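These are my notebook entries on what I looked up in one structure.

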Amino acid sequence: MKIAILSQNPALYSTKRLKEAGEEQGHDVRIINYLRCYMNITSKKPTIVYGGKPLENVDAIIPRIGASKTFYGTAVVRQFELMDVFSPNESQAISRSRDKLRSMQILAREGVGLPVTGFAHATQDIDGLIDTVGGAPLVIKLLEGTQGIGVVLAETYQAAKSVIEAFRGLDANILVQEFIKEAGGADLRCFVLGDQVIAAMKRQGAQGEFRSNLHRGGNAQKIALSPEETDTAIRAAKAMGLKIAGVDLLRSNHGPVVMEVNSSPGLEGIEKATQIDVAGKIIGFIAKNAVEADNSNRIKY
Ligand code: ADP
C-alpha cells in the first residue's frame, strides 16, 4: 500500500515511528510536507501537486497537522478526500477538534462527562461567569493555548476576576472551568484507535504544578483504565469523529471528565511510557480500513 504521512517535520519522533512501522509492514511510505502541496480544485479530476509532480496512487494518508496550520492542513486533507484517498481522521473531524469550545459543545451533546465550563465574550458579568462554575478556585484557559500555556489556576475570586479581565482586555477568547482539585495534578492520556483504547498513561505534573503536561516537566507512567474511563475515552473520540485520538481525562469526584480530544496525538510519550507499539497498530488499522473503506457517505465539498 502507498501511505503518505502529512507532516512538516520528518525528524519528529511520531513521524519517524510511523514511517518505520509502515515500512516494517511492507508498505511504501512517504512523508509529505503538506504546506508545500498545492491543489488543483478547478478541474474535474482533483489533484495535489508536490515537488512539481502530481501525487498519484496514494491509498491512505496519515494527517499530522500542526495546531497553527489547521486551516491549510485540513484543506490538503480535504483534497485527498475528494480524490477518495482514505484518511483515518477526516478533515471535518480535525477542524472540529481544534476548536476547544466547539469540541466541548459536541461532547456535551453526546453526554460525555466534562468539567463544568463557562464561556463568554463580554466581561460585563464576570461574577455571573465565575458563579456558573461554582466560584473560586477555578481554571481559566486561553482558547488558543497548547501545551499548558495559557492555563491558569485562580485560587481566589479576586485573582479569577483580574485574570479574566486581563485576558479579555487582550481580546483573547477564554473559557472558565471548575478546578478538579482531586485530580492531584495528574491526567490520563488515552490513545484511541478505532473503537478501542490501545494504550493509556497517567501524566503527573511536577511538584506544586497543577498542569500535568510533559512539556511543563511532568512525568508519565503506564496505567490501567477503569471500564468507565475506557468507555468515556472511546465515546469522546467517536463523538468527534476521530479514529485516531488522544483523549485527555481527569479523575474527578463525579467520574472521568474529558479535557481535550487531540487529533494528532504524539507517539513518543505514550510509546515510551507503555512500551506499546502504537505506530505499528496505527499502520495495521489503516491497512485494514483503507481497503474496507466505503467513502460513499462522506460529505463532498
Ligand atoms: P493544553 O491543551 O494547553 O495542554 P489543557 O486544557 O489540557 O491545556 O490543560 C493543561 C493541564 O492543566 C491538564 O493536562 C491538566 O493537568 C490541568 N488542568 C486543565 N484543566 C483543569 C481543570 N479544570 N482542573 C484541574 N486541572 C486542570
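This is a predicted model: local features need pLDDT of at least 70, side-chain atom pairs count only at pLDDT 80 or more; totals for chains, interfaces and linings use all residues.

Entry 1, a charged pair.

I noted that the structure holds 14 salt bridges. One of them joins the side chains of glutamate 110 and arginine 109, at 3.3 Å from N to O; here glutamate 110 counts as partly exposed at 40% relative accessibility, whereas arginine 109 counts as exposed at 62%. Another brings together arginine 211 and glutamate 209, at 2.9 Å from N to O, and glutamate 209 is partly exposed, with a relative accessible area of 22%. I also found one network, in which salt bridges that share partners join Arg17, Glu20, Glu271 and Asp277.

Which residues have the most contacts inside the largest nonpolar core? I found Leu107, Cys190, Ala236, Val247, Val258 and Val261, in a core of 26 residues. At least two residues of this core come from each of α4 (100-109), β11 (186-193), α7 (227-240), β14 (244-252) and β15 (255-262), and the largest share, 5 residues, is supplied by α7. Leaving out residues up to four places away in sequence, valine 247 touches several residues, including Leu188, Cys190, Ala236 and Val258. A second, separate core has 25 residues, among them Ile244, Leu267, Ile270 and Ile282.

I checked for disulfides and the count came to 0. Cysteine 37 is buried, with a relative accessible area of 2%, and cysteine 190 is buried as well, at 0%.

Leu35, Tyr38, Phe71 and Tyr72 form a nonpolar patch on the surface, with about 450 Å² of accessible area together. Of these, leucine 35 is found in the loop between β2 (28-32) and β3 (37-40). In another loop, between α8 (268-274) and α9 (278-292), I found isoleucine 276, whose C-alpha atom is separated by 9.6 Å from that of alanine 200, 76 residues apart along the chain.

Definitions and conventions. Residues are numbered from 1 along each chain as its sequence is written. Side-chain values use heavy atoms; hydrogens and water are left out. A disulfide is a pair of cysteine sulfur atoms within 2.5 Å. Buried means under 20% relative accessible area, exposed over 50%, partly exposed in between (1.4 Å probe, protein chains only). A nonpolar core is a set of buried Ala, Val, Leu, Ile, Met, Phe, Trp, Tyr and Cys residues joined through side-chain atoms within 4.5 Å. Helices (H or I, at least four residues) and strands (E, at least two) are DSSP runs, numbered from the N terminus. Contact means heavy atoms within 4.5 Å. Patches are made of residues with over 30% relative accessible area and no salt bridge: like charges are joined within 9 Å, nonpolar side chains (Val, Leu, Ile, Met, Phe, Trp, Tyr) within 5 Å. Accessible areas come from the Shrake-Rupley method with a 1.4 Å probe; for residues, only the protein chains shown count as cover. A salt bridge is a side-chain nitrogen of Lys or Arg within 4 Å of a carboxyl oxygen of Asp or Glu.
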